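Please keep the sequence and the model in view while reading.

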Amino acid sequence: MNEPTHFLLPETTRARVAAASRKRVLQQLSECLSAQHPDLECRQVLDALLARERLGSTALGEGVAIPHCRLACETICCAFFTLAEPVDFEAPDNLPVDLVFALLVPEAEEQAHLKQLARLSAVFSDPDAQARFRASESSAELYAVITSLLQRDAA
């Protein structure tokens with residue numbers, strides 16, 4: 001089954017990332033994802049994420065953003081960052097973002113894309129989950145928290 005826990009890697013989960021802007025966050029996500037997935041080119045990922053942001057911010061509010069796009073990749077790819085300092089993502093509630101989960105889905109998988117966005121939105125809308133993410137002191141701890149919450153949500 002195509003669950004985010006199968007596609008999120010410890011190497012693409014990072015706590016307290018320093019980034020001064022939304023564009024820099026997207027650049028770092030693109031670098032992180034392309035480093036772990038040889039079929040992805042960093043510039044291609046960044047261009048696709050920026051194009052999606054131009055359609056409207058992927059910020060949900062409450063400090064959460066889920067930048068996402070469909071592109072030519074072999075499988076779903078995910079990255080999750082908490083930010084050292086929140087950045088402006090043009091969120092609907094005007095709050096800056098410090099929890100960023102990137103989702104890349106193969107072009108042909110529209111239903112998978114929508115399903116994963118719905119699941120992620122549910123997890124990231126939970127104030128207790130948000131607090132646990134923000135309290136994570138290390139990337140390993142953050143990975144353990146996100147995978148446990150996604151697995152619990154799938155049950």
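A residue is called buried when its relative accessible area is under 20%, exposed when the value is over 50%, and partly exposed in between. The model discussed here is predicted.

Q: What kind of interaction does Glu53 form with Arg22, and how far apart are the closest N and O atoms?
A: The pair links distant parts of the chain, since Glu53 belongs to helix α3 and Arg22 to helix α2, 31 residues apart. A salt bridge requires a side-chain nitrogen of Lys or Arg within 4 Å of a carboxyl oxygen of Asp or Glu. Glu53 and Arg22 form a salt bridge, and their closest N and O atoms are separated by 2.8 Å.

Q: At what angle do the axes of helix α2 and helix α3 cross?
A: Two packed helices are described by the angle between their axes and the distance between the axes. Helix α2 covers residues 22–36 and helix α3 covers residues 42–55. Their axes come within 8 Å, and the crossing angle is roughly 140°.

Q: Which word describes the orientation of α2 and α3 to each other?
A: Angles over 145 degrees count as roughly antiparallel, and 65 to 115 degrees as roughly perpendicular. The axes of α2 and α3 cross at roughly 140°. The two helices are therefore oblique.

Q: Is the crossing of α2 and α3 left-handed or right-handed, and how do the residues of their contact divide?
A: The crossing is right-handed. The contact involves residues of α2, including Arg22, Leu26 and Leu33, and residues of α3, including Val45, Leu49 and Glu53. By type, the residues of this contact divide into 7 nonpolar, 3 polar and 4 charged.

Q: Is Leu33 buried or exposed?
A: Leu33 is located in helix α2. Apart from residues up to four places away in sequence, Leu33 touches Thr12, Leu40, Val45, Cys77, Cys78, Ala79, Ala102 and Leu104. Its relative accessibility is 0%, so Leu33 counts as buried.

Q: What distance separates the C-alpha atoms of Leu33 and Cys77?
A: Cys77 is one of the residues that Leu33 touches. The two residues are 44 residues apart along the chain, and their C-alpha atoms are separated by 7.3 Å.

Q: How many salt bridges does a search of the whole structure find?
A: One of the pairs is Arg24 with Glu31, whose side chains meet at 3.6 Å, N to O. Arg24 is partly exposed because its relative accessibility is 30%, and Glu31 is partly exposed because its relative accessible area is 40%. The search of the whole structure finds a total of 5.

Q: Which residue forms a salt bridge with Arg134?
A: Arg134 lies in helix α5 and its partner in strand β6, so the pair ties together parts that are 36 residues apart in sequence. The closest N and O atoms are 2.8 Å apart, and the partner is Asp98.

Q: Is Glu90 buried or exposed?
A: Glu90 sits in the loop between β5 and β6. Its phi is near 55°, a positive value in a residue other than glycine. Its relative accessible area is 53%, so Glu90 is exposed.

Q: What is the relative accessible area of Glu62?
A: Glu62 is in the loop between β2 and β3. Although not a glycine, Glu62 has a positive phi of about 60°. Glu62 counts as partly exposed because its relative accessible area is 44%.

Q: What is the relative accessible area of Ala65?
A: Ala65 belongs to strand β3. Beyond its neighbours up to four places away in sequence, Ala65 touches residues including Phe89, Val97 and Phe101. Ala65 is buried because its relative accessible area is 0%.

Q: In which strand is Val97 found?
A: Val97 is buried, with a relative accessible area of 0%. Among the residues in contact with Val97 are Ala59, Ala65, Leu83 and Phe89. The strand that holds Val97 is β6.

Note on methods:
Residues numbered from 1 in each chain as written. Predicted model: local features only at pLDDT ≥ 70, side-chain atom pairs only at ≥ 80, totals over all residues. Heavy atoms only, no water. Axes fitted to C-alpha atoms, helices over the stretch in contact; angles between N-to-C directions. Helix = DSSP H or I, 4+ residues; strand = E, 2+ residues; numbered from the N terminus. Parallel < 35°, antiparallel > 145°, perpendicular 65-115°, else oblique. Left-handed = near helix turned anticlockwise from the far one by under 90°. Contact = heavy atoms within 4.5 Å. Nonpolar A, V, L, I, M, F, W, Y, C, P; charged D, E, K, R; others polar. Buried < 20%, exposed > 50% of the residue type's maximum accessible area, 1.4 Å probe, protein only.
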